[in-house]
Every structure is written in structure tokens, then in C-alpha cells.
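This report is meant for someone meeting the structure for the first time. It moves from the chain as a whole to individual residues.

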Amino acid sequence: MIAPLPIFPAPLRNTAALLLAAMLCGCATFRSYDAELSHTIDLAAVGNVDGAINRLERTNTSRKKDLLYYFELGELERLRNRYEESRKAWMEADTRVQAWESTAATNPEKLVSNVASVLLNDKSRPYEGHDFEKVMLSTRLALDHLARGDFDTARVDIKRTHEREVLVASLRDKELRKTEEEARKRGVQSSFKELNGYPVHSIDNPEVNTLRNSYQSAFSHYLAGYVYEALGEPSLAAAGYRQAIELQPNQPLLERALAELDSRTAAGDDGYTDVLFVVESGMAPARRSQQFNLPFPQGNRMLIVPVSFPVIVPAQPAYLPAQLQIEGENPIDIVAITSIDLMARKALQEEMPGILLRGIIRSTAKAVAQNQAGMHDDSGLAALAIAIGTSHGAYKFSRQPTGDILAIDRIREIHRRIPNTHLVMHGSSSVPQEWLTIIRAYGGELKETYGVPVEEIQEGIRNGVRKVNIDTDIRLAMTGAMRRALCEDRSEFDPRTFLKDATSAARGICKARFEAFGCAGRAATIRPLPLDKMAERYRT
């Protein structure tokens, strides 16, 4: 967000100063990095920047720090107005991005062939950064130089921002063409929209789709125009403002910056200084790995292979101030110019075809192995997890599920065709409304949501379902019990006390489901195996 250019008395020529009011920071984290940074971000969010930096250092003890460490350190140092330390951290990050740029310029095929080629949650891979982070890094370096009054070096960073955009555009174009060619060659569909159960709306919605791409921002180009104008280069300033308008059309502040450029340039030095306030709030959403089941035909068999793909984890809503009040002057309206949240979602949208394609390639090998392992029966399956509209977590359905969104009929049809195969219902918690009510009554803020009705699961069991995943029901019951216990006895400090309530609630859910699913009284039919026997099974 930026504020228009108010004019304040100052014994200087027309130039610009920046007030950087970044209230929260954070990069778009990926794989295990989300968990590693959560405490650091929490500390920064409550204003304990020193504590956040100490935490960041404690979780990065290796002498060889990765890109994300320097991204975060630079942002945290900026938050405590240590611009030189921030610049040093970001220069370290920039050195790593420049190495990537060198490879992209001299050997782009190497990067294209490696895109999304590793499994999610592979902690051995260093953080390589997303395109918008690499491009925005140059912009943030420019901001640090501007805050120190170094406009000439800021101009260099602005120029490098544009060069980095061009390089990214070229590389992503090559990647897209390679993905499409490989998909045609293998005869596979590489659209994430066809991935059953994938939260498509999180990365494919009108707001995300208005962005030209994931790495160009209206703010970076507006800042370019501002810097060029301050340095007396109106033709370059006009190009910057014009590009900002193209990236975010119908924004009066941007249009005014271009329309009034000539009049500002022609005006003489009246002893006033233009001031640009840059306000930052919130952080980019994280990514996490989520498993989806992909069907693979193998001869007369249909094999189901679980594959992990990244999904967006929404960040907490950011505080968005409407105005700034500076030293008794008239309030200054703040205008939202760039959303890193939307850029992060656009980045995943752009990356998903390649990620999906490579996931399918890896999973095909798994399907072949599974087919070989299952040659002893008619189906080739030890168990089949069916996509019937369910999903993991508490937010499954926004209304009570009916036949149009929960395909129990599919279970009946599959069971009819392969009656001797055990079926699995993933993501089939019922989301008990009574526990949602308790959670909300004691301070929780869960939105309206519904799960899979118990009677529908029972119908599935009558048609071959032998494994039902209900972990969310257990979590909701435990959370509700703990919230109630903590609120009803605010003097209690011993976690064993409220964990007893949580355990009792979990036991109640499990008992109710065992009885509803016909499991009660069948413990004697389970034949326990010692660990060495189980280990032997895994080896063979």
C-alpha cells in the first residue's frame, strides 16, 4: 500500500523520503520451512523483533545459510530500522539469486528440467525462492537505499528489477512449453483443475486471475517511476508509471502519477519536498503438502496411488489502515497497490502444471510397482481409496452434503465391480456440530462447515468400505473439551487436568464411531503380530 505524495515544508529541492511502516513480515514458505519459521513470525507479529531475530539464528545454526534465512533476516532488520544490516542480509540473498540468474541465462534447460522435480517435504533441498520473491528482492534493496538517501544506488536496483523480470519471463515461457510438450508426449492431463479434491478456488479465482503473472508488481514499477522522477529522468519515470497502470488498471493514484508528471517536472523548486509513505502489512501465505489419490489404469486393473501436491495455507488477515495521520496534517488516504498474497497464489497457479506432470510421472512408476505386487488377485489392489467428494480437514462442505456433492453411488458401483477389494474413505470426518458449538462458545472462530454424515459412511460400509478416516472429529472433540475446561476454571494451570477432558472427549468420539461402524465387540477377531513379523512383511 502507498499513500499519495503530500508536500511538506523542507529546506531541500524536490526529492523524496520514505517512511517504511512494515507491521508484519514473512516470505511464502514451503515444505518444512513453514514450521521452522512459525515462531519467528509470531514473535515479529507482536513487535518482539529482537526475539524474532534470535529465534531465526537459533533455528539456522549451519554456517552455510540458505536463501530464506537471508530473506527473513533482511526483513526483520528493516523492522527495527537497521537498514545497513538489512541491506547486508539482502545482498547475501541477492548473491544466491544472481547465481540462479547466471544459470538461467547460460543454461536454462538445467533449471527447466529441474522444476518441481523433487517430492514435497524433501528437507534436503535448500530453499530456492519463488519468482516474485526474487524480483521483489531488488525492489526491497531499492527501498533500503532510499531510506538511507542513496537514490543513485536505488536506481541501479530498480534497473535490476526490470532485468530480473525479463529473465524470469523467458525461463517460465521455456518451462511452460516443455511441460506442454511432455504432457502431449505422455498423453496426460496437466491441469490441476482436474485433480479431484484439490482446492482450485484458492489459486484460480477472479482476484488471482487479474494478475498478469506472479512476479511483476504495480508497486515495483510505481517506485521505479518515483525514483526516476526524483532523479530528473521524466521519460523513464513515465515508462515506470505506465507499466504500473498496466499491471493495476483503474487505480486513480497511479493514473494521476502519470498524468501530472509533466506539470511536476516543469514546476520550479519551491522549497518543498515530496514524501512517499510505503505501508506494509501481513505476510505471504505458506504452502503445505496435501495428499491426493490419482487413478492409473494398468491392463484390466485400476490402481490408486496417493500423491502429494502443494496447497495454499491462508495467512491471518492483515491489518489494513485506511489513512495516515502525520504531525497534525490532514489525513492521508492509503491505497492498496500490490498484494503479495495474490502473487503467491498466482505463483502456485503457474507452477502447478509442471508439478502435476512430474507427480504423475513419479506416480506411474509407483502404479507399475503396485500392479506387480497385486498380480495375485483379480483387482491388483490391497485396498482402494475412492474419490467421492470428501477432503481432509474440518472445512469439507459449506452445506449438508447431498448426492450432488457426495458420490456414495460411486462406492456402490465400484463394490459391485470388485466385491473382494477393501475400499477406503479418506477425509470422512462427520464434523460433529455439537463440538463446533462448544468450540465457538468458548472463544473458537470456526466457520460454518459440515462433514460426511454417519449414515452415509454406514452405507459405504455396507458396500465394501473397510477403512474410514475420522481424525478431524477427534481433533474437534479434544479442542472443544480443552477450550471448555480452560474457560470454566481459569485458575487451572496443570495441563494434565484439561488433557484428561480432551482424552475423554476423544474416547467418546471413538466409541460412538466404533458402534456406528459395526466395529464394537470385534476386538477378538484382530490377530496381533509381533514387530519382527511386521518388519519382515515390510521387507518382502
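Helices, which need at least four residues in state H or I, and strands, which need at least two in state E, are DSSP runs numbered from the N terminus. On that basis the chain, which is given here as a predicted model, holds 19 helices and 10 strands.

The chain has 540 residues, and 47% of them count as buried. Its accessible surface comes to about 28000 Å², and 52% of that area belongs to carbon and sulfur atoms. Among the contacts in the chain with a separation of 6 or more, 76% are accounted for by residues 24 or more positions apart.

Two residues deserve a separate look for their backbone angles. Most residues other than glycine have a negative phi. Asn-250, although not a glycine, has a positive phi of about 60°, and Val-431, likewise not a glycine, has a positive phi of about 50°.

| Residue | Phi | Loop | Relative accessible area |
|---|---|---|---|
| Asn-250 | about 60° | between α10 (234-247) and α11 (252-259) | 68% |
| Val-431 | about 50° | between β9 (422-425) and α15 (433-441) | 1% |

Is each of these residues buried or exposed? Asn-250, in the loop that runs between α10 and α11, is exposed, because its relative accessible area of 68% is over the 50% cut-off. Val-431, in the loop between β9 and α15, is buried, because its relative accessible area of 1% is under the 20% cut-off.

Key. Residues numbered from 1 in each chain as written. Predicted model: local features only at pLDDT ≥ 70, side-chain atom pairs only at ≥ 80, totals over all residues. Heavy atoms only, no water. Buried < 20%, exposed > 50% of the residue type's maximum accessible area, 1.4 Å probe, protein only. Contact = heavy atoms within 4.5 Å. Areas by Shrake-Rupley, 256 points an atom, 1.4 Å probe, with all protein chains shown as cover.
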